[in-house]
Amino acid sequence: MIKDPARGWAWTRALLGLCAEEVHLCGESAAIDLVTELMYTTGEEVEVRNYKRLTPISVLDHALESLDNLRPGDCIVCFSKNDIYSVSRQIEIRGLESAVIYGSLPPGTKLAQAKKFNDPDDPCKILVATDAIGMGLNLSIRRIIFYSLIKPTINEKGEKEIEPITTSQALQIAGRAGRFSSKYKEGEVTTMNREDLNLLKEILNRPVDPIKAAGLHPTAEQIEMFAYHLPDTTLSNLIDIFVDFSQVDGQYFVCNMDDFKFSAELIQHIPLSLRVRYVFCTAPINKKQPFVCSSLLQFARQYSRNEPLTFSWLRRYIKWPLLPPKNIKDLMDLEAVHDVLDLYLWLSYRFIDMFPDASLIRDLQKELDGIIQDGVHNITKLIKISESHKLLNLESLSAENRSRLSGTLKSQARRVRGTKTVGSKAAETPVPNGGEKSLASRLVQQGLLTADMLKQLEKEWLTQRTDGKERTEPGTYSKGTRRKKKEPDSD
């Protein structure tokens with residue numbers, strides 16, 4: 001975790017900054033040398049205790065090849081939600097029940113699904129999961145089956161890459177099979193596809209490379225110092241300048257700042273002190289979820305007005321009470337609301353006066369967790385409904401929009417690498433305004449806009465033009481500055 005390109009800095013800060021007599025770290029041997037070196041620089045004493053696996057585990061010589069060959073205690077590991085949905089549906093068609101666990105589910109829902117799978121009296125004997133099972137869950141798994149060995153990752157430059165899983169990841173996931181506390185005293189590991197089996201064996205047999213460096217992130221004090229000398233510079237630009245000028249020794253690296261800069265640009269127009277703005281920008285949010293992003297914006301706006309974000313205000317904001325999900329989109333929307341409540345709680349630790357109702361929000365989150373649990377319990381029904389609705393929606397779209405939506409769905413399903421690739425595809429998409437790049441299509445593809453938000457923006461734009469508030473020429477867009485009327489030859 002400490003070498004994570006985006007969030008490694010948070011682990012470094014915890015390791016170096018926790019006020020405790022003892023700090024206990026759990027991890028693989030690859031971290032020992034680095035942690036020992038970091039603790040040496042602070043004068044700490046490091047004690048290393050090694051633990052060995054108590055039950056045997058073996059890699060099978062044959063792949064599963066077909067879901068018809070599933071047995072009780074099997075766990076199929078996927079690396080995308082689309083694969084989770086597809087596999088769950090295929091298992092149901094075979095008359096079997098499966099539990100589902102993936103990263104964006106609330107903790108309570110994950111635990112409920114784990115309990116269902118572990119219960120010997122429950123007819124559910126198959127688990128379909130992502131690598132979220134690797135930490136924090138006790139599962140009675142006999143055999144781990146890798147549906148794929150390819151996982152989308154974010155590199156140091158913030159670009160998406162599709163690469164085979166690392167040895168660390170493979171060991172962490174495979175190690176879930178045949179745990180000492182489960183009813184299976186020996187674990188088995190294999191792949192779904194025959195051609196992946198040799199690659200899995202190769203990955204598992206590679207030595208784990210030692211971690212060379214820990215992530216760092218500029219502190220609020222450092223950014224304030226830069227702002228003192230560059231008073232008119234935005235926070236996003238201050239970060240760029242800091243990173244350009246910064247030098248670190250071999251034990252550290254500067255984390256990718258794209259998520260921080262995204263949040264900084266999102267709330268740039270809101271009047272906040274630099275310190276407060278910095279804290280908002282370090283909040284861990286998924287920038288692909290439009291509702292979570294708009295909530296960060298709304299929270300910052302309320303804060304700037306010195307209006308506490310109370311329990312009653314938040315209930316109105318998320319439109320509580322919420323209905324059980326009727327399809328997969330509804331389920332994903334509920335997961336996003338749960339993330340918004342997480343964001344509130346994260347901010348409440350830092351701004352207790354402005355986010356005063358943390359205990360009430362936790363209770364609300366438990367209720368929401370229950371609603372999501374019911375949805376996940378019936379996930380195959382939601383998948384069926386979603387499939388039929390998707391076809392209806394596609395048929396109702398124009399040929400142009402259908403093509404654009406199809407491209408977006410394919411890019412999400414395949415996790416196509418790199419935002420540059422997405423941008424170039426968007427540029428090739430024909431648009432009505434004379435062949436310009438469509439900003440809207442790029443934002444939709446990147447998950448920053450939904451179709452409903454796009455319609456609302458279009459309505460507001462048309463209203464503003466009708467009222468004469470915006471004087472932008474047809475075929476262009478405003479960049480947030482007021483400009484005089486263009487001359488005919490200004491293009």
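Where does M1 lie relative to α1 (8-17)? I looked there first: M1 lies in the segment before that helix.

**Ground rules**

I am working with a predicted model, where local features need pLDDT of at least 70, side-chain atom pairs count only at pLDDT 80 or more, and totals for chains, interfaces and linings use all residues. I number residues from 1 along each chain as its sequence is written, and my side-chain values use heavy atoms, with hydrogens and water left out.

**The whole chain**

I found 19 helices and ten strands in the chain. Helices (H or I, at least four residues) and strands (E, at least two) are DSSP runs, numbered from the N terminus.

I then looked up burial: of the 491 residues in the chain, 41% are buried. Buried means under 20% relative accessible area, exposed means over 50%, and partly exposed is in between (1.4 Å probe, protein chains only).

For contacts (heavy atoms within 4.5 Å), I took residues at least 6 apart in sequence, and 72% of those contacts join residues at least 24 apart.

The accessible surface of the chain is about 28600 Å², and carbon and sulfur atoms account for 53% of it. These areas come from the Shrake-Rupley method with a 1.4 Å probe; for residues, only the protein chains shown count as cover.

**Back to M1**

I noted that M1 counts as exposed because its relative accessibility is 53%. Together with W11 and M135, M1 makes a nonpolar surface patch of about 370 Å². Patches take residues with over 30% relative accessible area and no salt bridge; nonpolar side chains (Val, Leu, Ile, Met, Phe, Trp, Tyr) are joined within 5 Å, like charges within 9 Å.

**Helix α1**

Which residues of α1 are buried? I have G8, W9, T12 and L15 on my list. They cover an arc of only 125° around the axis, so they sit on the same side of α1. That arc is taken from the directions from the helix axis to the C-beta atoms. The buried residues of α1 pack against α2 (32-41), β9 (214-216), β10 (252-254) and α10.

**Salt bridges**

How many salt bridges does the structure hold? I got 17, each being a side-chain nitrogen of Lys or Arg within 4 Å of a carboxyl oxygen of Asp or Glu. Side chains of opposite charge can pair when their charged atoms come close. I picked out a few pairs.

E387 and R89 meet through their side chains at 3.6 Å, N to O. This pair links distant parts of the chain, with E387 in helix α15 (residues 379-396) and R89 in helix α3 (residues 81-93), 298 residues apart. I see that R89 counts as buried because its relative accessibility is 19%, whereas E387 is partly exposed, with a relative accessible area of 40%. R89 and E387 also belong to a network of salt bridges with E92 and K384.

K151 forms a salt bridge with D131, and their closest N and O atoms are 2.4 Å apart. K151 lies in strand β6 (residues 150-154) and D131 in the loop between β4 (126-129) and β5 (143-146), so the pair ties together parts that are 20 residues apart in sequence. K151 counts as buried at 19% relative accessibility, and D131 counts as partly exposed at 26%.

My last pair is E224 with R275, a salt bridge at 3.0 Å, N to O. E224 is in helix α7 (residues 220-229) and R275 in helix α10 (residues 274-282), 51 residues apart. I noted E224 as partly exposed at 30% relative accessibility, and R275 as partly exposed at 36%.
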